[in-house]
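Welcome! Take a moment to look over the model, and then try the exercises with us.

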Number of protein chains: 2
Amino acid sequence: MAEESTNDLPPELSVDVPALTDLLDGRYAEIRRTVREMLPAYASVLEDAETMTRADFRERVKDVVLEMAGTGATGMGFPEEYDGGGDIGASIAAFETLGYGDLSVLVKVGVQFGLFGGAILQLGTKRHHDAYLADIVNGRLLGCFAMTETGHGSNVQALGTVATYDPETSEFVVTTTTPSAGKDYIGNAAAHARVAVVFAQLEVGGEGHGVHALVVPVRDEAGDPLPGVRVEDDGHKMGLNGVDNGRLWFDGVRVPREALLNRFADVTEDGTYTSEIESPGRRFFTMLGTLVQGRVSVGAAGISASKVALTVAIRYALQRRQFEATDEGSEELLLDYGLHQRRLLPLLARTYALHFAQEVLTGALHDVFSGIDTDEESRRLLESRAAGTKALATWHATRSIQESREACGGAGYLAVNRFAALKADTDVFTTFEGDNHVLLQLVAKGLLTDYASDFEDLDQLGMVRFVAGLAVETVLERTKAHQLLEQIRDLLPGGGGDDWDTDAGLLDPAYHLAMLRFREEHLIGGVARRLKRGVDSGMNAGEVFSRVQDHVIASARAHVEREVLEAFVDKVAATPEGPLRDVLNALCDLYALSVIEADRAWFLEHGRLTSARSKAITREVGDLCRRLRPVAGDLVAAFAVPEPLLRAPDLIGGGR
Amino acid sequence: MAEESTNDLPPELSVDVPALTDLLDGRYAEIRRTVREMLPAYASVLEDAETMTRADFRERVKDVVLEMAGTGATGMGFPEEYDGGGDIGASIAAFETLGYGDLSVLVKVGVQFGLFGGAILQLGTKRHHDAYLADIVNGRLLGCFAMTETGHGSNVQALGTVATYDPETSEFVVTTTTPSAGKDYIGNAAAHARVAVVFAQLEVGGEGHGVHALVVPVRDEAGDPLPGVRVEDDGHKMGLNGVDNGRLWFDGVRVPREALLNRFADVTEDGTYTSEIESPGRRFFTMLGTLVQGRVSVGAAGISASKVALTVAIRYALQRRQFEATDEGSEELLLDYGLHQRRLLPLLARTYALHFAQEVLTGALHDVFSGIDTDEESRRLLESRAAGTKALATWHATRSIQESREACGGAGYLAVNRFAALKADTDVFTTFEGDNHVLLQLVAKGLLTDYASDFEDLDQLGMVRFVAGLAVETVLERTKAHQLLEQIRDLLPGGGGDDWDTDAGLLDPAYHLAMLRFREEHLIGGVARRLKRGVDSGMNAGEVFSRVQDHVIASARAHVEREVLEAFVDKVAATPEGPLRDVLNALCDLYALSVIEADRAWFLEHGRLTSARSKAITREVGDLCRRLRPVAGDLVAAFAVPEPLLRAPDLIGGGR
């Protein structure tokens, strides 16, 4: 626990709310505004989620999604020739903004246009585009993305559904081979999908070619399952009950050869398998890589959900008095309590940080998928960044929504505000589009192998063996920790010697970055050494991985937190001097120092903090919270969550 | 991140499951078994919660509660002369076990028998007992406990409802004076309560006497609100929708003089206020203190909910394989992953620790309320212990349920397992029966003022002024940190000098206790000094409190964690040598070391850990997880959650 700081505080902060909203909106201000203006018309969906039966609510959500499709807001990512908007970045921005509204609507949009439509667009070729895309964009054809199986969640390469080519009829025969190979948790499957993109092991002439995707009709015009297709409802879920998740089994369902989404591989009529990508693993990961947009979208939605929760909680804290009648007549608002500031303001700073990191990610997605960045390296970095940002953004959503709910006390428990649905609906974000821990392992794998050419092929055990097979020098070379250490020393008065325990440089972004870079490099180097030593000592790769796994996850998390900080620091640097920059600067400091504070045990253990400086950081976090307190209302107002979507107006007052 | 330990592991652990269940059941084994045998008949309520309309589900839950009342399981805490069981400890054990089932049923039981019945029992006298208790115990009279108001949650002393004595008619006139004085979130109020225990400011002859409780009829035989009573439904909630929470307003409602629950204060017919307790503040806190059972019960329920969640998650992790086809054929189960062990097993150890702490608390409650411990000190320690245990147990529930859900991936999101309802239903536990942060402030107040005689009177500002008014010596005397420091040194080889960075004593409970005691004393001493210095420097008491608040909370939390560890260490010591004691010992070590690990930054900052020893603790936590891994299934089996209450049998397999 820190002592009070005796420093003079810097000048008071002030916020021009519309200007800050413009800055947050950035390049995609227009589509964001359009969606924000559209959403209030659907505010009643939030109530429908509570009052309607599951069956009725699913229909209601479907109708809303189809209406939205009519406005063009959901088709921004498709080519203009198929009635799309032709702008991938804008499609993410639109989806992100939809995250202010009911999340069943959001996820149904994601299933229909992102996953199903996205798979046809990215894995198919012109014949599929011509056949389906315009109908998908306009909502005339609803479909589902049938990848996950009951027994195979994160391990897509091991899927059990099989598609066997029959040269006699030029058809594929799709079959669910075992109970654990049933498709499961598939959005749109239980009620609305006419067509499924089915991921299955492709077998041609008795030979397996790994997982590929095919278009398989699953329902007739009347909505009944087609012959050979069995459907089961996943039933009631914790949240998102407006989305009809279900299970699908295929019993020898025949589809024409042309049903194969053949952008990366094809089968000729006579039964010859062809692909421009020779390595099956590489082919698989290239296919999967085109679906990265789903992860980018879920992360964006998590950030929006956090913004809604913090808007409600901070506005509540600005009008609620906990112990009204103190004899000094001080009648403090909840947000005047130090603890309350501590609970909410670092989460607010992290939300801003993630917003700007997401902006960088959306830009990278746009550039790679619009053909602006065409090299392999950009694509790999995009995939890694998408995985890491998704993990941190969705964990942040879970945490900030929970803290916001608790900060509203009993009022936070009533469904009439947003928390009940926010909690229940976002809960699965940490799992779908990739379990967060698995995603962070993917990030770490990239860091450890330096995105080596056979990167995509490596599973956990492959990674262990790959790293263990490197020369010691290679491992150490990859660890730039030593250089970084010197950099930190250079930044500190007295060269990081006895003077370390001062407050000097605590608010210097170069110091923050150096600390996070040092942690990242040191952790990655440590993982590499431990993997190598484990294998050298004779443990099998599985056991080595099991023991080092939390270290692996920590290194990836450190990497992503550093990326997020860089995005924020860059944004501050790019903002013209003035009050707006001052407030962003204070938020960025608060993000950086609360990240360091949360992991200060590690920095202490590794000699990068003295006790005195560690306490100084805790003190500075408190000071920054107090400094930001007067503008907290403005900082959430700038998120511009449409008022009707906040509900419970009596709980949160009229605004700032 | 820690390196692998090269220590030889101690001998393998084994568990005799029925023997461990007996040990957990303890003194109240009989009633626990009775309730466990009763619960499967109500397993269908778990499904009804998902499928029924809110109105129907409320009726269903009411019917179940009335049926249970018929078995005697819900009336254990009432005197035998009113058809109760006459055993307060057993009533807590029964309630705790009900926490394995649907939580709307649990909370409705708590509202009816704990809060409503408990208030009549504890605040009333024979005339009230004779009039109401038998009907309450048998479920013939449903009532509610109308304390909280829209504008007054944690600050009960500031309630706005007024009860004015009218000597002309010998009646009290009950009135809701302002919009924020409306009773809110009141369980049983929206539909079922015939009678309310209303907390109101008592006014006699123009003089205010503070908050008192009165019995006020609110509905007629037909279930319609009585004249002057206005009722509103709180509507849909995040969870617990089988409980009819509502709002109540009173417009000049007249009740006879005898309606005053007059155990601690009375009004004579001619309008004279009398009380054996002179100080109004002390009177108020004496009344409130009799209601401590509610807090004890909520904490118990939180622990039971954690047990259910961990049972599902650990059984799932013992049958689910994440990456099946590794080329070494290792086919690891989820629980073979180091990270998965790390996520679940420390939570399991903490659940055991809290179970034993709750057992001590239940014993203390029983002894104080059965007249075995009659001194004031015992009562105050009970209140402090109840507040602290409730806070830690309910936060633990939130955390362990969330982690368990995430550890089950997508399967955890389906309502067919328990997580959806567990999360939603328990969420409010951190808020009701006292907001956790406010409760920890209460704990800290006791520690800081050494339960001084005017303890109960002190609000936040009073506490600041009280501590600031103490002589410096008194503050320092209270801080036994220095002695403890020597004790830690004595426990360590080399006197805590250069040898500190060894593994020596890491598994010594005396070391664990000394560490937690040192932290507690140091934090409390620090709070006292900061409060004193703040006031001395001229800040007003509110600002001083606001700045020191997180330190106050941290000291209370440290105190409770130490109490919990002591309860666990005592239990281990009382267990005969043998396999059962070995396994409890390992769990206790894991609890203690993971508490220290979680706060190792603090210990490092305060010179109580070196970097090397801090890393050794992290390593030891990993070792303990690996050691407990083979008995993890047995450890949850010993909780004896009835199989039908676990639902989703295909997700969690047939058992261990």
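Here are two exercises on this predicted model, each with a worked solution.

**Exercise 1. Describe helix α13 of chain B: what is its span, is it mostly covered or exposed, and what lies at its ends?**

Step 1: Begin with the span. Helix α13 of chain B runs over residues 436-449, which gives it 14 residues. From the first C-alpha to the last it reaches 20 Å, close to the 20 Å expected at 1.5 Å a residue.

Step 2: Turn to the surroundings. Of the 14 residues in α13(B), 13 are buried, so the helix is mostly covered, where buried means under 20% relative accessible area.

Step 3: Visit both ends. At the start of α13(B), the backbone nitrogen of B:His437 has a side-chain oxygen of B:Asp435 within 2.9 Å. After the helix comes B:Asp450, with a positive phi near 55°.

**Exercise 2. How do chain A and chain B meet, and which helix of chain A gives the largest share of its side?**

Step 1: Count the contacts. On chain A, 88 residues touch 88 residues of chain B.

Step 2: Look at the area. About 7700 Å² is buried between chain A and chain B, and carbon and sulfur atoms give 50% of it.

Step 3: Look for pairings. There are 8 salt bridges between the two chains, and one links B:Arg342 with A:Asp550, whose closest N and O atoms are 3.9 Å apart. The chains also have 40 residue pairs in polar contact.

Step 4: Find the helix. Helix α18 of chain A (residues 541-574) supplies 11 residues, the largest share of the side of chain A that touches chain B.

Step 5: Sort that side of chain A by type: 30 residues are nonpolar, 29 polar and 29 charged.

Methods
Residues are numbered from 1 along each chain as its sequence is written. Chains are lettered from A and ligands numbered from 1 in the order in which they are written. This is a predicted model: local features need pLDDT of at least 70, side-chain atom pairs count only at pLDDT 80 or more; totals for chains, interfaces and linings use all residues. Side-chain values use heavy atoms; hydrogens and water are left out. Helices (H or I, at least four residues) and strands (E, at least two) are DSSP runs, numbered from the N terminus. The expected span of a helix is 1.5 Å times one less than its number of residues. Buried means under 20% relative accessible area, exposed over 50%, partly exposed in between (1.4 Å probe, protein chains only). A polar contact is a pair of N or O atoms within 3.5 Å; within protein, one must be able to donate a hydrogen and the other to accept it, and residues adjacent in sequence count only if both atoms are side-chain atoms. Contact means heavy atoms within 4.5 Å. Buried area is the accessible area (1.4 Å probe) that two parts lose on being put together, summed over both. A salt bridge is a side-chain nitrogen of Lys or Arg within 4 Å of a carboxyl oxygen of Asp or Glu. Ala, Val, Leu, Ile, Met, Phe, Trp, Tyr, Cys and Pro count as nonpolar, Asp, Glu, Lys and Arg as charged, and the others, Gly among them, as polar.
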